[in-house]
Amino acid sequence: MVTEFFFSGFPKFEDGNLLFFIPLLIIYIFIIMGNLIVCFAVRMDTHLHNPMYNFISIFSFLEIWYTTATIPEMLSNHVSKKKTISVTGCLLQMYFFHSLGNSEGILLTTMAIDRYVAICNPLHYPTIMTPRLCTQLSIGACIFGFLVLLPEIAWISTLPFCGPNQIHQIFCDFEPVLRLACTDTSMILIEDVIHAIAIIFSVLIIALSYIRIITVILRIPSAEGRQKAFSTCASHLGVFLMFYGSVSLMYLRFSATFPPILDKIIALMFAVLAPCFNPIIYSLRNKDMKIAIKKLLCLQKVFYASAS
């Protein structure tokens with residue numbers, strides 16, 4: 001029986017480990033620092049204590065752990081000669097990576113509904129999106145994201161792995177792992193359908209919300225009012241396109257197959273590059289966030305000056 005899996009990785013970078021390791025390490029540090037800054041900026045600036053920014057801070061917090069589920073293992077495997085992961089470690093990586101991704105997807109859907117209520121029903125917004133409801137929605141997104149994958153991971157853990165143990169991917173994912181099972185792999189198609197339904201359902205909710213939002217914004221008589229209304233949604237819309245665009249490339253394939261190298265490049269975009277752009281979008285596309293980040297950085301300078 002197989003007790004560990006071997007990652008095929010990027011063969012062209014095997015002779016020059018630093019060419020891949022250093023950029024990936026820099027991106028990982030940037031993701032952690034960028035999302036931490038967003039979290040602290042929201043928590044420390046009282047002007048940002050509203051549902052939209054609270055959701056953004058929780059999303060940034062999830063992003064830290066979402067990338068931590070895969071990137072440190074990629075870094076370790078890239079400088080290690082073995083490039084292996086235990087079967088248990090592989091299952092845990094799949095569980096946490098996809099559970100955090102599910103929680104982010106649910107949270108993005110919640111954020112779209114929040115923007116819909118704020119723009120389409122502004123008078124009722126304070127009574128609908130109460131702090132208690134926002135807390136319940138945030139906790140519910142995380143709990144549901146982690147619970148929904150338990151049966152799937154439990155089923156995969158019962159499969160026998162007794163043959164090839166090379167995963168043709170840069171991290172443990174459902175399809176590459178299921179293809180290594182010594183049993184009927186027809187369940188892969190059912191897995192693809194379940195994932196596709198979940199992705200399409202979330203995309204439809206967010207898309208319909210934004211179609212309605214844009215319709216309402218276009219009816220605002222003043223150009224300044226339209227710009228202000230759209231600016232509150234621009235960052236979330238950008239993150240939505242990045243997140244679900246990469247998710248769609250990764251999982252809305254069905255029976256289509258890509259060359260292994262293209263599969264790995266798409267996975268790199270999905271697991272590394274898309275999260276890298278999220279703190280940039282939230283900090284550069286949002287005026288209030290930029291002000292809060294400047295205040296936070298100024299406080300740090302004052303603290304270090306007083307300490308020295």
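Colleague: What makes the contact between the side chains of E175 and R179 a salt bridge?

Modeller: This is a predicted model. In it, the side chains of E175 and R179 come to 2.6 Å, N to O. A salt bridge requires a side-chain nitrogen of Lys or Arg within 4 Å of a carboxyl oxygen of Asp or Glu, so the pair qualifies.

Colleague: Why is E175 called partly exposed?

Modeller: E175 has a relative accessibility of 27%. Buried means under 20% and exposed means over 50%, so E175 falls in between and counts as partly exposed.

Colleague: How many salt bridges are counted by this rule?

Modeller: The count comes to two. Besides E175 with R179, the side chains of R115 and D114 meet in a salt bridge at 3.0 Å, N to O. Both R115 and D114 are buried, and buried means that the relative accessible area is under 20%.

Colleague: Why is W65 not called exposed, but partly exposed?

Modeller: W65, which lies in helix α2, has a relative accessible area of 45%. Exposed requires over 50% and buried under 20%, so W65 is partly exposed. The C-alpha atom of W65 is separated by 7.4 Å from that of L100, 35 residues apart along the chain.

Colleague: Which residues form the nonpolar patch on the surface?

Modeller: The patch consists of L249, F258, I261, L262, I265, M269, L273 and F277, with about 630 Å² of accessible area together. Helix α11, residues 260–284, gives the most to this patch, with six residues.

Colleague: What lines the second largest cavity, by class?

Modeller: Its lining has eight nonpolar, two polar and two charged residues. Among the lining residues are E63, E104, F243 and F270. Ala, Val, Leu, Ile, Met, Phe, Trp, Tyr, Cys and Pro count as nonpolar, so F243 and F270 belong to that class. The largest share of the lining, five residues, comes from α10.

Definitions and conventions
Residues are numbered from 1 along each chain as its sequence is written. This is a predicted model: local features need pLDDT of at least 70, side-chain atom pairs count only at pLDDT 80 or more; totals for chains, interfaces and linings use all residues. Side-chain values use heavy atoms; hydrogens and water are left out. Patches are made of residues with over 30% relative accessible area and no salt bridge: like charges are joined within 9 Å, nonpolar side chains (Val, Leu, Ile, Met, Phe, Trp, Tyr) within 5 Å. Accessible areas come from the Shrake-Rupley method with a 1.4 Å probe; for residues, only the protein chains shown count as cover. Helices (H or I, at least four residues) and strands (E, at least two) are DSSP runs, numbered from the N terminus. On a 1 Å grid over the protein atoms alone, a cavity is a set of points where a 1.4 Å probe fits but cannot get out, and a pocket is an open set with protein on both sides within 12 Å along at least five of seven lines; lining residues have an atom within 4 Å of a point. Buried means under 20% relative accessible area, exposed over 50%, partly exposed in between (1.4 Å probe, protein chains only).
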